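Hi,

Here is the structure I promised to pass on.

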Amino acid sequence: MSLDVYLRDPSAKYEVDALYWATITHNLAEMADQAGIYKAMWRPEEIGINTAKDLIPILETGLAGLKQRPKHFEQFNASNGWGLYEHFVPFVEEYLEACKEYPEATVHASR
């Protein structure tokens with residue numbers, strides 16, 4: 001099972017026309033929750049996140065926390081190796097950069 005995140009041009013004709021797309025394992029959900037970014041990443045529609053610019057401050061705060069306390073977050077690494085801190089931080093960094101590049105894009109999550 002995975003989380004797929006998309007940033008789409010709001011004027012795009014087709015849903016498949018993503019400006020940005022990335023996928024990561026659901027095994028990182030607890031780590032994301034501990035970092036305060038689970039809802040923003042997995043369920044953005046539930047907290048009123050519609051555009052990438054809405055997501056930026058939440059990802060910035062969560063990413064800062066992840067980087068400040070690696071040992072804390074590493075305890076949430078998946079025991080099977082599918083879902084590790086060392087993979088999650090770059091994923092969040094890249095997603096944040098894409099949000100900054102496309103601030104008006106609509107945010108979508110498929111879980």
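Below is what turned up in the core and among the aromatic rings.

Keep in mind that this is a predicted model: local features need pLDDT of at least 70, side-chain atom pairs count only at pLDDT 80 or more, and totals for chains, interfaces and linings use all residues. Residues are numbered from 1 along each chain as its sequence is written, and side-chain values use heavy atoms, with hydrogens and water left out.

Start with the largest nonpolar core, which has 35 residues. (Such a core is a set of buried Ala, Val, Leu, Ile, Met, Phe, Trp, Tyr and Cys residues joined through side-chain atoms within 4.5 Å; buried means under 20% relative accessible area, with a 1.4 Å probe and protein chains only.) Met41, Leu66, Phe88 and Tyr95 have the most contacts inside this core. Helix H5 (85-101) is among the elements that supply at least two of its residues, and H5 gives the largest share, nine. Helices (H or I, at least four residues) and strands (E, at least two) are DSSP runs, numbered from the N terminus.

Now the rings. Rings of Phe, Tyr and Trp (its six-membered ring) pair if their centres lie within 6.5 Å, and planes under 30 degrees apart count as stacked, over 60 as edge-to-face and the rest as tilted. That rule gives three aromatic pairs. Tyr20 and Tyr95 are stacked, 5.9 Å centre to centre with 10° between the planes. Tyr20 lies in strand S2 and Tyr95 in helix H5, so this pair ties together parts 75 residues apart in sequence. Both Tyr20 and Tyr95 are buried.

Cheers

Terms used:
Buried < 20%, exposed > 50% of the residue type's maximum accessible area, 1.4 Å probe, protein only.
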